[in-house]
Amino acid sequence: MEPLVRHRGVVAPLNRPNIDTDQIIPKQFLKRIERTGFGEFLFYDWRYGEDGKPNPEFVLNRPPYTQASILVTGPNFGCGSSREHAPWALMDFGIRVVIAASFADIFYQNCFKNGLLPLTLPQPEVDRIFQAIEQADPSTGLYLTVDVERLLVHDDRHQLEIPFALDPYLQETLLHGLDDIARTLKHEALIAAYEAQHGK
Amino acid sequence: MAMVRRLRHTPRTLFEKIWDEHVIFEEPGQPTLFYIDLHLVHEVTSPQAFEGLRLAGRRVRRPDRTFAVMDHNVPTTDRSLPVADPIARQQMDTLAKNCQEFGIRLFDLHHPEQGIVHVVGPEQGLTQPGMTIVCGDSHTATHGAVGALAFGIGTSEVEHVLATQCLVQPKPKTMEVRFVGPRPFGVTAKDMILALIGQIGTSGATGYVIEYTGQAVRDLSMEERMTLCNMSIEAGARAGMVSPDEKTVEYLRGRPYAPKGEAFEAARQRWLAYATDPGARFDRVVEVDMSRIVPMVTWGTSPGMVTTIDGKVPDPDAIADPVEAQNVRYALRYMGLEPNTPMTEIPIDRVFIGSCTNSRLEDLERAARVVAGKKVHPRVKAMVVPGSGVVKRMAEARGLDKIFREAGFEWREPGCSMCLGMNADILQPGERCASTSNRNFEGRQGRGGRTHLVSPEMAAAAALYGHFVDVRELLPRP
């Protein structure tokens with residue numbers, strides 16, 4: 001997994017609550033047997049019309065957000081289905097950080113397996129980012145830097161500086177791109193002992 | 001190993017008993033490494049996990065604790081025909097090859113007991129009290145109905161469990177959801193869970209494992225408890241569960257994978273001991289007043305957007321919070337609904353009776369009771385998709401297929417079907433469906449499709465009238 005230490009990119013605003021994983025990647029695209037190639041189907045029903053043509057009003061179809069690598073959105077992002085295709089689609093599109101006031105549990109866990117940071121901030125801080133986007137030059141958009149080492153989000157001029165909290169284990173996972181299975185297999189002897197002790 | 005030692009007499013919840021028993025490694029400030037007793041696998045969320053194993057040269061640690069079923073994208077039409085969708089067929093073939101390569105039991109498309117993974121698990125007795133159960137599907141909480149800790153995981157975690165038979169996760173908090181008072185006439189488990197979600201919201205239980213308690217829960221049948229636990233995820237919960245009791249034990253007796261003879265009696269004692277101790281404390285307690293529950297119908301694009309059958313579509317102009325009002329406007333625009341429309345005046349085009357929420361024998365029996373001797377409204381296209389081959393054959397033995405067919409319903413082969421529309425069973429844009437499934441998200445049942453979540457009885461009644469009706473008016477009073 002690719003480590004995530006510091007990331008700077010354009011922030012796309014998608015201000016709706018409860019965006020579910022069916023919306024992030026509709027089911028007709030779950031039939032692939034690879035982890036890649038889901039980016040073009042990200043937010044499919046919002047991004048494309050029924051004729052398959054891009055919907056010019058949808059944020060990710062409008063420059064500069066076509067190049068967005070950070071998404072700021074409403075609370076309870078990623079609710080619904082457990083499909084890991086949702087973080088795969090976000091990553092494949094180029095998103096490395098999603099900022100919201102809250103995330104659904106399974107989606108949150110899934111992100112860290114893929115080097116995607118679901119960044120939780122209090123709603124007023126999320127609202128400040130939405131405001132900063134509105135005030136930014138519309139041709140360039142707002143650039144934010146997310147520093148996973150210092151646990152800080154800031155804009156280029158440091159007018160906006162927001163610290164954030166992250167579980168140290170998950171921070172470590174991102175910083176070093178750690179593979180969970182390899183970490184668990186270090187405890188192989190404990191697992192075997194558990195199975196023997198409990199007759200499993 | 002910093003195991004938390006508890007005094008023997010400290011009362012514990014069902015969740016705590018199962019969790020404590022499965023912890024392998026715990027350190028302060030770190031997520032817990034814990035053991036998984038049963039891993040259920042299906043064709044859609046597993047291919048990348050098996051591929052990951054192969055690339056890393058890893059094996060499946062415990063194929064004997066792994067069980068695979070094809071359900072998500074299987075056709076529900078004639079099974080003697082080849083699968084028309086080449087990509088779905090590839091996913092099914094991939095699962096079959098993976099199961100063969102790694103030595104995993106599989107109920108494939110042609111197995112007589114094939115069905116929806118969350119119907120098959122309990123039905124086969126694979127699901128047992130005190131177990132930790134995972135599956136790459138968020139409705140795994142269903143298995144909590146027998147007193148197991150069961151929850152959905154992503155594909156990377158599927159790979160992790162295949163490789164290690166363990167998971168690494170932070171310990172969730174516990175929430176008691178207490179249904180207070182007796183069950184009113186005409187109220188189902190579906191109405192109870194929809195009422196809860198309406199009360200606490202779709203993220204009301206995020207970070208928690210719910211235990212459902214109260215006399216109304218004790219009085220539910222095992223299949224009804226499955227409906228209740230199934231939609232825990234729609235309240236944001238990691239899992240939902242019910243303490244095992246004699247009903248649980250009797251449900252499991254004689255099931256193919258349940259212990260037999262003396263082993264069953266020994267298991268019975270062990271299972272009952274998992275029940276939450278009197279005086280055990282939960283991190284949070286929520287009470288739901290049973291007397292306020294009537295048949296429920298969702299009106300929006302999230303399961304929390306729900307009202308009573310005697311209610312109306314909400315009016316965003318009457319909502320003070322501007323953010324919430326905007327959400328209601330979005331939802332009503334998608335759903336094509338006018339504010340203040342009585343729920344009973346909403347016309348229906350399609351009816352779907354099925355899904356891991358409501359496709360078991362009792363669900364079909366209750367729907368059939370409403371349908372018997374009547375006809376589906378001429379505008380409505382209605383279908384019943386039994387949850388498994390076992391359910392289908394039992395229903396047919398009772399003549400339920402005839403009741404549904406004579407009324408004008410289609411009677412299909414088992415699978416997830418129109419709950420998520422991965423196969424050919426989808427809504428057309430603008431079509432409105434009364435569905436016994438679990439999610440009314442935009443596009444869930446097909447792009448532009450409009451889903452209203454209801455109980456099987458309510459879906460059956462809507463099929464007959466072409467609009468929602470209060471099913472209590474059709475049911476014989478006790």
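Just after α4(B), B:Gly125 takes a positive phi of about 75°. Helices (H or I, at least four residues) and strands (E, at least two) are DSSP runs, numbered from the N terminus. The model is predicted: local features need pLDDT of at least 70, side-chain atom pairs count only at pLDDT 80 or more, and totals for chains, interfaces and linings use all residues. Residues are numbered from 1 along each chain as its sequence is written, chains are lettered from A and ligands numbered from 1 in the order in which they are written, and side-chain values use heavy atoms, with hydrogens and water left out.

Helix α4 of chain B spans residues 117–124. 8 of its 8 residues are buried, so the helix is largely enclosed by the rest of the structure. Buried means under 20% relative accessible area, exposed over 50%, and partly exposed in between (1.4 Å probe, protein chains only). Among the buried residues are B:His118, B:Glu123 and B:Gln124.

Now the interface. Here 65 residues of chain B are in contact (heavy atoms within 4.5 Å) with 53 residues of chain A. The area buried between the two chains is about 4,900 Å². Buried area is the accessible area (1.4 Å probe) that two parts lose on being put together, summed over both. Carbon and sulfur atoms give 54% of it.

The rule finds 10 salt bridges across this interface. A salt bridge is a side-chain nitrogen of Lys or Arg within 4 Å of a carboxyl oxygen of Asp or Glu. One of them joins B:Arg62 to A:Glu195, with the closest N and O atoms 3.0 Å apart. The elements that give two or more residues to chain B's side include α1 (14–22), α3 (86–102) and α5 (155–164) of chain B. Of these, α5(B) gives the most, with 7 residues. By class, this side of chain B has 21 nonpolar, 29 polar and 15 charged residues. Ala, Val, Leu, Ile, Met, Phe, Trp, Tyr, Cys and Pro count as nonpolar, Asp, Glu, Lys and Arg as charged, and the others, Gly among them, as polar.

Over all chains, the structure holds 48 salt bridges. Within chain B, B:Arg65 and B:Asp37 meet in one at 3.9 Å, N to O. B:Arg65 lies in the loop between α2 and β4 (66–69), and B:Asp37 in the loop between β2 and β3 (38–42), so the pair ties together parts of chain B that are 28 residues apart in sequence. B:Arg65 is buried at 16% relative accessibility, and B:Asp37 is buried at 5%.

B:Arg412 also forms a salt bridge, with B:Asp425, at 3.2 Å between the closest N and O atoms. B:Arg412 counts as buried at 11%, and B:Asp425 at 7%.

What of the cysteines? A search of the whole structure finds 0 disulfides over all chains (pairs of cysteine sulfur atoms within 2.5 Å). For B:Cys229, the nearest cysteine sulfur, that of B:Cys356, is 12 Å away. B:Cys229 is buried, at 0% relative accessibility. The sulfur of B:Cys419 is 5.8 Å from that of B:Cys356, its closest cysteine sulfur, too far for a bond. B:Cys419 is buried at 6%.

Last, B:His467, in the segment after α15 (456–465) of chain B. At 27% relative accessibility, B:His467 is partly exposed. Leaving aside neighbours within four places in sequence, its contacts include B:Thr344, B:Ile346 and B:Ala461. The backbone oxygen of B:Thr344 lies 2.9 Å from a polar atom of the B:His467 side chain.

Notes. Polar contact = N/O pair within 3.5 Å; in protein donor to acceptor, adjacent residues only side chain to side chain.
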